[in-house]
Amino acid sequence: MPTFEYLALDTAGRERTGTLTATSDADARALLERRKLFPVRLGAAAADARAAASPAPSAGFGRRNKLSTKALTLFTRQLATLISVSPLEESLRSIAMQAEQKKVADIVWRVHGGVVEGRRLADAMALESASFPPIYRAMVSAGEGSGGMTEILERLADLHERQAEVRGKILTALAYPAMLALVALLIVIGMMTYVIPKVVEQFNDMGQELPLLTRIVIGISEFMTGYGLIVLALLGIGVVIFGRMMQREDFHLKVDRHLLGIPLIGRLLRDLHAARLARTLSTMVDNGMPLLDGLAVTSRTIRNRVLRGATEDMVESIREGGSLSGSMRRTGIFPPLLVHMTASGESSGKLAQMLGRAADYMEREFDAFTKSALSLLEPLIIVIMGGVIATIVLSILLPILQLDTIAIQ
């Protein structure tokens, strides 16, 4: 959005200078008049003029930073605390001045500028749509309409903290098995590309036929040594091609459908989606946001195309007069417990409370499931890699034992 420099007169006849952002010259003049300032001179800021004269930056450069999940949660918590004791404009200014990271301060300053210009907070956040997702802005807008902004922001901060906690548990649980598998794989590659070739030189002087297991391991070692780099290059090309194919909607939909069909991964994805949807809807409904609007906004944040399509079907079903529990049941992807508790909440008039309880239960179940599954994954990796290493060692020992037998005879 362009930045304008202005010289204006206030109601007392004093000169005022400054800058503001607006979509056009007419919009900038309207903003000044709204502040009871009468523009004398209005023009594009020097920085914008230079930017207009210079070529546009290439893709990947000049892109505005966005708030991380942690930074967004901290901003939300700080704003919820400050607006309870000071005006919104002053609260945003305080957060921007206290921000440790420059990119965070820049984003908050731009939101602050939008509020100063007369925009609602949700509209000012839309100027930084990469940092404030649609679901976040929708809840802020609902808080502005109901007058419960502090409570909305507190609930938003709680929601982001819960989601971050779930992601943290997953990453923590996967860290050890991933490192274990990586170290074991590097050990196997080292043995096959460095140890085995040295041993083969000794076996060539024996002048006898080697055992079958030894010949197989030597063949694999020679293939890895001779064609390993080619295989890596082909894998890299395959990854690039796959990434390009994922940009096609039909191909992406097929991949997402296959992911949901994998026994373990599919269940994890469905449970995560159900828990997140229940938690988000619980927060929205509890703060007065219409269920249909909340569900429509939530559907746009879902990455899996199959789950997104099912959620959009729920929106259409509710718009045609159906119930939330009935639309959940027809999709066939939500746990029966969530469907039952949603139906109970609708019949008792306590939908937000029942959705919150369902989210709590599913998050605990997800935590227990991932712990048990990953506790089995660790010994499985150890057994598999131990078997591979044992096979390599045995392939080296067999010719030596064979040589000792011949020498005894």
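User: How are helix 8 and helix 11 oriented to each other?
Analyst: In this predicted model, the axes of helix 8 and helix 11 (residues 263-286) come within 10 Å. They cross at roughly 170°. An angle over 145 degrees counts as roughly antiparallel. Helix 8 and helix 11 are therefore roughly antiparallel.

User: Which residues in helix 11 meet helix 8, and how many residues in the contact are charged?
Analyst: From helix 8, the residues involved are Arg155, Leu159, Arg162, Gln163, Val166 and Ile170. In helix 11 they meet Leu272, Arg276, Arg279, Thr280, Thr283 and Asp286. By class, the contact of helix 8 with helix 11 has 4 nonpolar and 3 polar residues, and the number of charged residues is 5.

User: What is the volume of the largest pocket, and which residues are the closest to its centre?
Analyst: The largest pocket has a volume of about 1,200 Å³. It is lined by 37 residues. Those closest to the centre of the largest pocket are Gln163, Arg167, Arg276, Thr301 and Arg303.

User: Which helices each supply at least two residues of the lining of the largest pocket, and how many of the lining residues are charged?
Analyst: Helix 8 and helix 11 each supply at least two residues of this lining, as do helix 3 (69-82), helix 7 (134-146) and helix 13 (305-319). The lining of the largest pocket divides into 17 nonpolar and 11 polar residues, with the charged residues numbering 9.

User: How many cavities of 30 Å³ or more does the structure hold, and how much space lies in the largest cavity?
Analyst: The structure holds 1 cavity of 30 Å³ or more. The space in the largest cavity is about 40 Å³.

User: Which element gives the most to the lining of the largest cavity?
Analyst: The lining consists of Ile196, Val199, Val200, Phe203, Thr214, Val217, Ile218, Ser395 and Ile396. Two or more of these residues come from each of helix 8 (149-203), helix 9 (212-245) and helix 16 (351-408). The lining has 7 nonpolar residues, 2 polar and no charged. With 4 residues, the element that gives the most is helix 8.

Note on methods: Residues numbered from 1 in each chain as written. Predicted model: local features only at pLDDT ≥ 70, side-chain atom pairs only at ≥ 80, totals over all residues. Heavy atoms only, no water. 1 Å grid on protein atoms, 1.4 Å probe; cavity = no way out; pocket = protein on both sides within 12 Å on 5 of 7 lines; lining within 4 Å. Points joined across faces, edges and corners; volume = space filled by probe spheres on them. Nonpolar A, V, L, I, M, F, W, Y, C, P; charged D, E, K, R; others polar. Axes fitted to C-alpha atoms, helices over the stretch in contact; angles between N-to-C directions. Parallel < 35°, antiparallel > 145°, perpendicular 65-115°, else oblique. Contact = heavy atoms within 4.5 Å.
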